[in-house]
Amino acid sequence: MNEITPIKPTQSGPTCTAPMSGPVSQAEDGQALCARAPVGMLCELTHRCPLQCPYCSNPLELERVNTELTTEQWQDVMRQAGELGVLQIHLSGGEPTARKDLEDIVKTASESGLYINLITAGVTLTRERMGKLAEAGLDHVQLSIQDIEPENADRIAAYKGGMAKKREVVKWVKELGLALTINAPIHRQNINSVPAMIDFAVEVGAGRIEVAHVQYYAWALLNRASLMPTKEAFMKAARQVEEAREKFKGVIVIDAVVPDYYAKFPKPCMGGWARGIVNITPSGRVLPCHAAESITHLAFDNIKDKKLADIWLYGDAFQKYRGTEWMKEPCRSCPRKEIDFGGCRCQAFALTGDATNTDPACSLSPLHAQWAKVAEEESHSAPPAFVYRRVGGAKTVPAPETEPSGV
Amino acid sequence: MTETITRKRTMMGADSRPSLPKYIKLRHDPGRGRWVILAPERVFNPDDTAVAVLKLCDGTRTVADIAASLAAEYSAPVDEISADITAMLQDLSDKGVVTA
């Protein structure tokens, strides 16, 4: 059976995997499903959030509440998505439950035939509201945890008492018969808890856990020296994930997102630019990925001005790096060019100044060795204090400096 | 916690009564002209045989019932069908798509 997996908003791809064959199902062309319309749509409903996680994937310049799309505008987006052929939507933020009209948006999405995933920290939810969301047609709740150890979790999120609240939320999700995923962003300040976090997900009845190593964009890039694990710690966690997969086979699905600083080949970011995923920001800007605005020369359309189908098919930013025509060497002649699509355009731009260069995560990039060295050095130095994610937060603190002293 | 102890892998057998949880959606996708299974962070493309099996997974029929039904419909040997669909349902159960 072909599987398109996982459709993540974490910029981690792959969106479309190679076909898998089974005794009954036959292998087919897994790419066809992505071609005419996005399979997944990530909706950042708001950038408001009670948490301040230093690895937040939102841009450093957070969008203000008075620029957010209205209820009616989001409902129109849902109808357009259903008609276009989007299959799954991911309601994210910020914290999506900060929108009081979330139920109305979910209801319209459900009526439009979309599979609805809520990506939440859960801390402001109530049993009553969870019930209303389930009634409106919510399918899946993806609940983040910052660590298993409550005090460290509070410190990472700059929010008190989050873990106790999350234990309540998982009960409600299960009682209501919704699918539950635990999302655990992993970095050097919680990487030792990987087995405990997997055990937690099993214990609370989750069907799935994402052991998601932080991807270094936006706030996470700013905080990279505080977050990057050593290669040794990463390898240990990877082994623990493999052991847990064996131990919990058939009990819980464990998806792992690796840190690409330690990879040989880049991730097929977003499953390829403008290939399977579309992202909409709180103010209605339509992006090929949630970090795309970091490529400063790209112009983005707004859903208030144009139809989703038009933007997806013909928008300049979508056309720019779609497919393989834009590639330079070593990507252009690479046998992996339709496997990883040259990696991540945003990372290529951020680190080389040219988005058409090979992602430095690729061992074929001339910058790869230098880039991997940064991870090596930072991960072995004392971590600087977090620059917490808050409006204006990125401007008030100088860039972290790497300290030469080892830990 | 108790749930750690009680959560075990489901093993599909002839007497299992498979069903799709309500958060797993088997749907026809008219735009792409194919069936899809919508699941948490996953989209599966079942082929015609898998669709035929999944439509019979109502929590009442056993795997043996489903195999007998398909064997009659397709004039195929029931043992062969039974082995195939048990393996398929085990795989889908391990992926959280089917419960029994």
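In chain A, E95(A) lies in the loop that runs between strand 3 (88–92) and helix 3 (102–111). The model is a predicted one, and the values that follow are computed from it. Although E95(A) is buried, it takes part in no salt bridge, and the nearest side chain of opposite charge, that of R129(A), is 7.1 Å away. A polar contact of 2.7 Å does, however, join the side chain of E95(A) to that of T120(A). When residues up to four places away in sequence are left out, E95(A) touches T46(A), R48(A), C49(A) and P50(A), and also T120(A), A121(A), G122(A) and T124(A).

The largest pocket has a volume of about 840 Å³, and its lining comprises 35 residues, of which G207(A), V253(A), D94(B), K95(B) and G96(B) lie nearest the centre of the pocket. At least two residues of this lining are supplied by each of strand 6 (179–186) of chain A, strand 8 (253–257) of chain A and helix 4 (78–94) of chain B.

Chain B contains 4 helices and 3 strands, which follow the pattern α-β-β-β-α-α-α along the sequence. Taken along the principal axes, the C-alpha atoms of chain B fill a box of roughly 50 × 35 × 20 Å. Of the 100 residues in chain B, 46% are buried, and among the contacts in this chain between residues at least 6 apart in sequence, 54% join residues at least 24 apart.

Conventions
Residues numbered from 1 in each chain as written. Chains lettered and ligands numbered in written order. Predicted model: local features only at pLDDT ≥ 70, side-chain atom pairs only at ≥ 80, totals over all residues. Heavy atoms only, no water. Buried < 20%, exposed > 50% of the residue type's maximum accessible area, 1.4 Å probe, protein only. Lys, Arg positive; Asp, Glu negative; His and termini not counted. Salt bridge = Lys/Arg side-chain N within 4 Å of Asp/Glu carboxyl O. Polar contact = N/O pair within 3.5 Å; in protein donor to acceptor, adjacent residues only side chain to side chain. Contact = heavy atoms within 4.5 Å. 1 Å grid on protein atoms, 1.4 Å probe; cavity = no way out; pocket = protein on both sides within 12 Å on 5 of 7 lines; lining within 4 Å. Points joined across faces, edges and corners; volume = space filled by probe spheres on them.
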